[in-house]
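Some notes follow on salt bridges and cavities. Please read them with the coordinates open.

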Amino acid sequence: MKLSSKFKSLNHLSGLIKNNTSIGIGGHHFARLPIALINNLLKNKPKNLEFISWSGGLALELFLQKNSVKKIQICFSSLDIFGLAPLFRKTCENKKIEVIDWSALGLIKALRAGQQNIDSEIFQYPWGSDLPIKTKFCKKFKDPISKNQFAIVPSLKIDNFLLHASRADEDGNVEILGPRALDTIMAGASKQVIVTVDEVVSRDILAREKKGSLISKNFIKAIAHIPYGAYPTSSVPYYITDYEDLKNAFLKTPLKIGTSFKKNKQFVTKSNKLGSKFFKTYLAKNYKNKKSKEKITSDEIMAFALANEYNNNSLCSSGAVSPLANVSYFLAKKLHAPKLILTTMTYGHHDVSFRPMTLSFSEVLDRETCINYWGGDDSYSIYYQNGQITHEVIGAAQIDKYGDVNNIEIKKKSGGVLRLPGQGGMADVCNLHQHFVGYVTKHSKLSFVEKVDYVSAGRGLFKDKDRLRAGLKPGDVKIFTNLCIFEKNKKTGLLEVTSIHKGVTKKDIEQNTSFKVKYKKGCKITKMPTTSQLNVLRYIVDPLNIRKLEFTSGEERIKLLEEIIRKEKKLIKNLN
């Protein structure tokens, strides 16, 4: 098989990226990040790069570590289950680099305009959010025909798009197997698309199998065949994310990833042979007839309370890694809503089947059972703006009496700000989804304040008539905590407690809330699960206790992570 001249060495690819240019990063969270290409590029000590991506996370930390970035344009930056991204946080707090926070829908539309070679695009305005005022990423736009108001963003072009894809053919056509994040529109909006792939196959194989999303060879500047080029992030179906390697790397500075490759190579590759039937059977065998007499905990109360929000007509979207939210979705599917539509990896996997919770294997299992693969551009442009999603449960750092949420920055009493990960798509989804549901795992005066410092998301289209006029479904705003459940009153616009968890008093809530707590008439005790339902959560839905990752910190969290990984490795040893 004769390869196109587009196939080059990794050093050649890195040499294409010049100082004082912009870079976009493909993949999403800990999936298909172009790690080998990034590491090779950073050896050249690039300077004054503009970083443009849906999420910053691990990739951005690597560039910041080398002082290679002069400007950042993102929707959020975190290390997912590992917490805040320390270098991003430090950079923002010191105001060393310009940071522009985008809403996810706004960024998608700006890239779409770049992809389509037009000057701008319109989209649903993020009503209620401070984001357009603070960062000026978009402007209001009055439709000349309907006279309705929308948002408009200018076209966004990228100089270099760094992508790790599944495979390519000999001509240089590139294929992404599974969820594609924003990769296709970013490729279309970029001057240079620079790619590493795990496998090179013949054109005949791509034509016959037609498995994934294609980026045509005419968009590709150069390709390098680099097996394991995304490690320690995933590239399914070749290998999964190595959470052990990431865990070890994030405990130290400077950040150095990939050191566990030899040790864990068999685990991350063999895991791709894991099927949902084997996974469920193995867990059922090991946890069969287990019945715990331990008292119910706050994480379990919250999981059940959230699960009770959904029914067979619900369409739930799971974006970033959120153990508690995902546990609640799968718990509902198992107990009372088997027809609930659940999408994972920001709509990458559409309509997945029930599976027990897992840290390492979720991408493999959801890939097996989902009906189809999508990208983030599909989810926001088609499903979200159309009002199709009923729920997308989101963790919140700071909430005020109006139900406005802040996940961007908190003002310190001593001056300066405490930088948070960012709102991701929250500014969009709080209006576009039928219900806006948030949660706080530790109810305190720091999390529930009189007025948030920065409204990253607020239900601007709140009243039923306003939502119907905008073509959206009327719905509720609810906040779930370890003490109670709040709901936003449609007349007063204020949060009020509608349900108090068993064993919690009004005094407990009031002492941990900075604003005057209001109670809904007929406020009740949160419905508790039966013993049977509790056992379903503990031994069928989440036997590995992944939900507890959001309720622990420090050494306790590290120990829990290590225990989860140990159990998952033990499971894989039983595969043929």
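1. Is Glu450 buried, partly exposed or exposed? Its relative accessibility is 38%, so Glu450 counts as partly exposed; buried means under 20% relative accessible area, exposed over 50%, and partly exposed in between, with a 1.4 Å probe and protein chains only.

2. On provenance: this is a predicted model, in which local features need pLDDT of at least 70 and side-chain atom pairs count only at pLDDT 80 or more, while totals for chains, interfaces and linings use all residues. Residues are numbered from 1 along each chain as its sequence is written, and side-chain values use heavy atoms, with hydrogens and water left out.

3. Side chains of opposite charge can pair when their charged atoms come close. With a salt bridge taken as a side-chain nitrogen of Lys or Arg within 4 Å of a carboxyl oxygen of Asp or Glu, the count is 31.

4. Glu450 forms one of these with Lys401, at 2.6 Å from N to O. The two are 49 residues apart and link distant parts of the chain: Glu450 is in the loop between β23 (448-449) and α17 (464-469), and Lys401 in the loop between β18 (398-400) and β19 (405-406). Helices (H or I, at least four residues) and strands (E, at least two) are DSSP runs, numbered from the N terminus. Lys401 is partly exposed as well, at 22%.

5. Asp183 and Arg32 make a salt bridge whose closest N and O atoms are 2.7 Å apart. Asp183 belongs to helix α7 and Arg32 to the loop between β1 (22-25) and α2 (35-42), so the bridge ties together parts 151 residues apart in sequence. Both partners are buried: Asp183 has a relative accessible area of 0%, and Arg32 has 6%.

6. Within helix α17, Arg469 and Asp466 are three residues apart, about one turn. Their salt bridge has its closest N and O atoms at 3.0 Å. Arg469 is exposed at 62%, whereas Asp466 is partly exposed at 22%. Elsewhere, salt bridges with shared partners join Asp299, Glu300, Arg538, Asp542, Arg547 and Lys548 into one network.

7. There are four cavities of 30 Å³ or more. A cavity is a set of points on a 1 Å grid over the protein atoms alone where a 1.4 Å probe fits but cannot get out, and lining residues have an atom within 4 Å of a point.

8. Helices α3 (57-65) and α7 (183-188) each give two or more residues to the lining.

How values were computed:
On a 1 Å grid over the protein atoms alone, a cavity is a set of points where a 1.4 Å probe fits but cannot get out, and a pocket is an open set with protein on both sides within 12 Å along at least five of seven lines; lining residues have an atom within 4 Å of a point. Grid points are joined across faces, edges and corners, and a volume is the space filled by probe spheres set on the points.
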